[in-house]
Amino acid sequence: MVTLIFDGLAYGMLLFVLSCGLAVTLGLMNFINLAHGAFAMAGGYATVILTNQMGMPFLWTLPLAFIVAAVAGFVLERTLYVRMYARSDLDQVLFTIGLVFMAVSGMDWLMGSQQQILHLPSFLLGRVEVLGVNIGIYRAFLIAVCGVLAIVLQLLITRTRFGSRLRAAVDDQRVAHGVGIPVKTVFAVTFAVGSGLAGLGGALGAEILGLTPNFPLEFLIYFLIVVSVGGTSSMLGPLYASILLGLADVLGKYYIPTLGSFMIYAVLVIVLVVRPQGLFARAA
Amino acid sequence: MKVTRRTVLGTLAATSLVPAAALAQDNVLKVGVVLPMTGGFQSNGRQMQAAINAFVATRGDTAAGRRIELIIKDDASVGDNALRISQELVTRDGAEILTGYGYTPAALAGAQISARGRIPQIVTVAATSSIIDASPYVLRTSQTTPQIATPIGEWAPANGARRFMSIVSDYGPGVDAETWFEKSLLEHGGEVLEKLRVPLANPDFAPFLQRAIDQSPDALFVFVPTGAGAAFMKQFVERGLDQSGIRVIAMSDMMDDDLLNSMGDPALGVITGGPYSAAHDSPENHAFVEAFKAANDGMRPNVVAVGVWDALQLIHDTLEKTGGDASGEAFVEAARGTEMMSARGPIRIDPETREIVQNIYMRRVERGEDGELYNVEFETFEAVADPTH
């Protein structure tokens, strides 16, 4: 039982890192970025190529996966996304889903459609017994990394100057601009960080979720569920939502395997019926 | 019969097939090959294309005095496309034989054209039993899922694995494998404690494996698509199941030659049942592997490649028998009962069912002398027919 909760927690944490970038762009910048998973995929492939083909240590590839995805996000934001901010929701959806299809086909062409298999260093493999509970080392590593990230992000947004500028820019762009906040730069940096986090999530998740060119489509639903269940007004909402979904998924599959992955959709429906603004959203 | 737009189109297609075939009475025989070169089944498409390259380089392109022209088209792993492409190949390009078909929906789509146009269709990869019933002109050189699952269910109880948990991906072939494995296992004195179906889209096996540990069976029966197999074995080892005495006995797809090497150590010792291993020890296979590698930059062939090679060989052999006649009835009649020495061992086209009859081998993953991982065969079930027909 404790092992299961532990697995669920790890899975949830992974979902959080993958989705929190989307919570930032969707919640703070009001931009519907369905192509979020493409950045996660870019990070995942960066790690796989660097470790498997170039022999770089896995841990070193994680910051690189972040950087690759962040740079890609920055460039695309400056060249493409920036033109879409003022457009309607439908335009944004069509535009970003188009990007997803391009990313899927492009990766297919570059790397082939087969499953990429990541080779982890041996110190992250296997499991240890702590107080009679079997704990997978890699999953413990995931929980640690993602937990730290969650705290840092929350502090960054609520306690730093950049965080308050970002929130100001989101609340009222014109006024923020008027008082001298470089709105464009703030948005570009935020978008890049969000993409970078997705890249990091893709890199961390390659081991557990698998990695194929279809990744952005396969996990799009999960990102959206996390964001809609968690609400988008802070980092804590998506964090709790991810953990809730991770636990529901793992426990559901264990105790009622015939339901398969149905459990998390049930959670989604219940949450949206009871609290359409998301579980943890502040009152509008 | 209700006349819909579809039936009208179907009739048009069927009538227009006749002149196309009649026109092709010169000495070139066109064979339409439908492959998934892109999309989800791309890895099959790659092996199929590579097998074609190797075959043509080795055996040439002439049979019974007719030059065989292969027209290769990509269906992008979408069944709808396979239907359209098969129809175009027959009606516009004048193909007299259809082959390829890298997955079940494509094969079933092609069978519609085969049935209406009386075109011989040779399925080289798809493994669903019912394909053979979809058209009286279908032949198969791949394998069927029940054909593999049944011998595994027979082998296991005789070798110390009676109490099973079955873990399969929740889609057609997975359910087929689960059903036929259980049937065979029960007949041979084993039991399935629990049947778990894993969603295709979500490859985190953690909760399913945890459930398996808690039931402590003798072994797990596993059928998942090739890519997910790697994730499964990693998590199996991560959970320490390899030390727990619970064995993995799986369908060959999980330890496919195409991916086996990149799976690394977690794959070692896994037992699978299947029709072909690149390590099969026979002069035919050595020659095949060598020809295949020579034509494709050292790429290793898998079961898909053998299926394609044998399909092309079957076309050549059958044309020799019919004197170059590729019309549906004559071709299929001549192909019935054909026996061939394939790279996988002896195979036969069952004269009654048109289905392939072949050896199924039990294999264990071991590290070969060249440092690569191979499925090493250690027991043979000879001439296994598809149990559903």
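Guide: The expected span of a helix is 1.5 Å times one less than its number of residues. The model discussed here is predicted.

Visitor: How far does helix α3 of chain B reach from its first C-alpha to its last?
Guide: Helix α3(B) covers residues 79-91, 13 residues in total. At 1.5 Å a residue, the expected figure is 18 Å. The model comes close to that, with a reach of 19 Å.

Visitor: Which residues of α3(B) are buried?
Guide: A residue counts as buried if 20 or more other C-beta atoms lie within 10 Å of its own. In α3(B), the residues that pass are Ala82(B), Leu83(B), Ile85(B), Ser86(B), Gln87(B), Leu89(B), Val90(B) and Thr91(B).

Visitor: What distance separates the end C-alpha atoms of helix α4 of chain B?
Guide: Helix α4(B) runs over residues 104-117 and has 14 residues. At 1.5 Å a residue these should span 20 Å. The model agrees, because the end C-alpha atoms of α4(B) are apart by 20 Å.

Visitor: Which residue just after α4(B) takes a positive phi?
Guide: Helix α4(B) ends at residue 117. Just after the helix, a phi of about 55 degrees is found at Arg118(B).

Visitor: Which are the edge strands of the open sheet in chain B that has six strands?
Guide: The order in this sheet is β2-β3-β1-β4-β5-β6, with mixed pairing. An edge strand pairs on one side only. In this sheet the edge strands are β2 (62-63) and β6 (138-140) of chain B.

Visitor: Do β1 and β3 of chain B run parallel or antiparallel?
Guide: Strand β1(B) covers residues 28-35 and β3(B) residues 66-74, with eight bridges joining them. Gly32(B), for instance, stands opposite Ile71(B) in β3(B). The two strands run parallel.

Visitor: How many residues lie between β12(B) and β13(B) in their hairpin?
Guide: Strands β12(B) (residues 339-342) and β13(B) (residues 345-349) run antiparallel and are joined by four bridges. One bridge pairs Glu339(B) with Arg348(B). The number of residues between the strands is two.

Visitor: Which residue takes a positive phi in the hairpin of β14(B) and β15(B)?
Guide: Nine bridges join β14(B) (residues 356-367) to β15(B) (residues 373-384), and the strands run antiparallel. Arg367(B) has Leu373(B) as its bridge partner. The hairpin has five residues between the strands, and the phi near 85 degrees belongs to Gly371(B).

Visitor: In chain A, which residue of the hairpin of β1(A) and β2(A) takes a positive phi?
Guide: Strands β1(A) (residues 127-130) and β2(A) (residues 133-136) run antiparallel, with four bridges. Val128(A) stands opposite Ile135(A). Two residues lie between the strands, and the phi near 50 degrees is that of Leu131(A).

Visitor: What is the radius of gyration of chain A?
Guide: Chain A has twelve helices and two strands. For its 284 residues the globule rule gives 19 Å. Chain A is as compact as a globular protein of that length, because its own value is 19 Å.

Visitor: And what radius of gyration does chain B have?
Guide: Chain B has twelve helices and 15 strands, and 56% of its 389 residues are buried. A compact globule with 389 residues would have a radius of gyration near 21 Å. Chain B agrees, at 21 Å.

Visitor: On the side of chain B that touches chain A, how many residues are charged?
Guide: In chain B, 29 residues are in contact with 27 residues of chain A. Elements that each supply at least two residues of this side of chain B include α2 (42-59), β8 (191-198) and α7 (206-215). Twelve residues of this side are nonpolar and eleven polar, and the number charged is six.

Terms used: Residues are numbered from 1 along each chain as its sequence is written. Chains are lettered from A and ligands numbered from 1 in the order in which they are written. This is a predicted model: local features need pLDDT of at least 70, side-chain atom pairs count only at pLDDT 80 or more; totals for chains, interfaces and linings use all residues. Two residues are in contact if their C-beta atoms, placed from the backbone, lie within 7 Å. Ala, Val, Leu, Ile, Met, Phe, Trp, Tyr, Cys and Pro count as nonpolar, Asp, Glu, Lys and Arg as charged, and the others, Gly among them, as polar. Two strands pair if DSSP finds at least two bridges between them. The radius of gyration is taken over C-alpha atoms; the globule rule is 2.2 Å times the number of residues to the power 0.38. A residue is buried if 20 or more other C-beta atoms lie within 10 Å of its own, exposed if 12 or fewer, and partly exposed in between; C-beta atoms are placed from the backbone.
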